[in-house]
Amino acid sequence: MKVSTISRPRINFTDNHEWIDLNGSVGFVGISAHRLKGIKNIVNIVWHNPKGIIVKGAVIAEIHTADEIIFIQAPLGCKYLGRNQKLSGNLNLVLESPQDNGWIFFVTPLKFHSQAPLLSPECYQKLIRSKVAN
């Protein structure tokens, strides 16, 4: 499987490895390529059927692999808008294009969002390097 290294232009991360690309009033949410490193196949995505207002940190979905379950949380307070329909026929799109076309769901932030609780790509890389060093 070929893995794309392309990242969305406005991408920011959480310290739990979720990312969000805020584009006006819509945010696309996925899981970082770093967190998915070493995973060969996604068996299933289990949805927690979010409705209405979602608090930051609420679990929206679970990615099931042969060896583990990865919880995907809301990176900010938001309203859930829907799933990435492209995943219906190809769950491994999350692995093939983790920080672009393999987004998992999309939301609209509750209010004008300051990106203070989110990490820039540079800060996220520093976080990863510090965890690897420890």
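1. Buried means under 20% relative accessible area, exposed means over 50%, and partly exposed lies in between (1.4 Å probe, protein chains only). At 29% relative accessibility, Glu68 therefore counts as partly exposed. Arg35, at 24%, is also partly exposed.

2. The model is predicted: local features need pLDDT of at least 70, side-chain atom pairs count only at pLDDT 80 or more, and totals for chains, interfaces and linings use all residues. Residues are numbered from 1 along each chain as its sequence is written, and side-chain values use heavy atoms, with hydrogens and water left out.

3. A salt bridge is a side-chain nitrogen of Lys or Arg within 4 Å of a carboxyl oxygen of Asp or Glu. The structure holds 4 of them. One joins Glu68 and Arg35, at 2.8 Å from N to O. Glu68 lies in the loop between β6 and β7, and Arg35 in helix α1 (residues 33-36), 33 residues apart. Helices (H or I, at least four residues) and strands (E, at least two) are DSSP runs, numbered from the N terminus.

4. Asp21 forms a salt bridge with Arg8, with the closest N and O atoms 2.9 Å apart. Asp21 also pairs in this way with Arg10, at 3.1 Å. Asp21 is buried, at 0%, while Arg10 is partly exposed, at 36%. Arg8, Arg10, Asp21 and Asp100 are linked in a network of salt bridges.

5. An open sheet of 3 antiparallel strands has the order β4-β6-β7; strands pair if DSSP finds at least two bridges between them. β4 (42-47) and β7 (69-73) are at the edges with a single partner strand each, so one side of each has no neighbour in the sheet. Between β4 and β6 (residues 59-65) there are 5 bridges.
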